[in-house]
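Morning, everyone. Please have the sequence and the structure open. I'll go through it quickly.

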Amino acid sequence: MLSLLIILLATICVATGNLNSKQTGGQTTPSSFCCACQPGTHDKPGTPGIPGRDGRDGRDGYQGPAGMTGPAGPPGLQGTKGETGAQGPSGRKGERGDATSGLISHKNWKECAWKDLNDGKDNGLIKECLFNKNFSDTSLHVYWTGVLRIYSCDNCCKRWYFTFNGAECSGPVPIDGIVYLSKGSGKLNLYRVRHIEGHCNNIHKGKVRVGFWVGNCRG
């Protein structure tokens, strides 16, 4: 009677194990196998049963709330210099400016002229021209155009020059012209139209006496 019961239980366990089998690579292998399982008897517990199958996967959970913003990262490295862009189109031609604006408004000129001037001086002031200078930070531009004469002398040198309020220009240099005659005693009388021109800085505004003089050469 005891032998028959053990065989019967083993047969049930083998059959139950085949029901819990799975197929891998085309072959069927039992996922579990029961051996010598028997129920309990009076005052004795039975052997443990076969473990149950794995449960199904649970449902996906709900998406959680967004996390807090993290601290700012360190500044990035400076990028490389970009390529030079294409040249833009030419702008429109500007309108003509006002003739009274800019440096034009600083212009102030005067011309002094004498007819039949025949001064026989060898030294001294020839003529003087009064001029009203409007600004202290501008230059005064002067020129002489006319006949200058030297005659009947040997190794003689005469100098014609401008003065401003009785003094020669010092900024930048004196404004003058020189004529030299090597041998002319008793025979040469030179009449020549000559031009002497220059500008002088550092002259205050107001009345300016511009003088034209003649004298001996320096040295």
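First, a term. Strands here are DSSP runs of E with at least two residues, numbered from the N terminus. And please keep in mind that this is a predicted model.

Now the overall make-up. Along the sequence, the pattern reads α-β-β-β-β-β-β-β-β. Of the 219 residues in the protein, 20% are buried. The accessible surface is about 18,400 Å². Carbon and sulfur atoms account for 53% of that surface. Next, contacts. Take those between residues at least 6 apart in sequence: 71% of them join residues at least 24 apart.

Let's go to a loop. Asp137 sits between strand 3, residues 124–133, and strand 4, residues 140–151. Is Asp137 buried or exposed? The cut-off for exposed is over 50% relative accessible area. Asp137 has 67% relative accessibility, so it counts as exposed. Asp137 and Asn202 are 65 residues apart along the chain, yet their C-alpha atoms are separated by 7.1 Å.

On to the aromatics. How do we describe a pair of rings? By the distance of the centres and the angle of the planes. How many aromatic pairs are there? The count is three.

Take Tyr161 and Trp213. Their ring centres are 6.4 Å apart. The planes meet at 15°, and under 30 degrees counts as stacked, so this pair is stacked. Tyr161 belongs to strand 5, residues 154–164, and Trp213 to strand 8, residues 206–216. That is 52 residues apart, so the pair links distant parts of the chain. What about burial? Tyr161 is at 14% relative accessibility and therefore counts as buried. Trp213, at 25%, counts as partly exposed.

Next, Phe162 and Phe212. These ring centres lie 5.1 Å apart. The planes are at 55°, so the pair is tilted. Again, distant parts of the chain are linked: Phe162 is in strand 5, Phe212 is in strand 8, and they are 50 residues apart. Both Phe162 and Phe212 are buried.

Find Tyr151. Arg149 lies over the face of Tyr151, at 3.9 Å from the ring centre.

That's my tour. Over to you for questions.

Technical notes: Residues numbered from 1 in each chain as written. Predicted model: local features only at pLDDT ≥ 70, side-chain atom pairs only at ≥ 80, totals over all residues. Heavy atoms only, no water. Helix = DSSP H or I, 4+ residues; strand = E, 2+ residues; numbered from the N terminus. Buried < 20%, exposed > 50% of the residue type's maximum accessible area, 1.4 Å probe, protein only. Phe/Tyr/Trp six-rings, centres within 6.5 Å; stacked < 30°, edge-to-face > 60°. Lys NZ or Arg CZ within 6 Å of the ring centre and 35° of its normal. Contact = heavy atoms within 4.5 Å. Areas by Shrake-Rupley, 256 points an atom, 1.4 Å probe, with all protein chains shown as cover.
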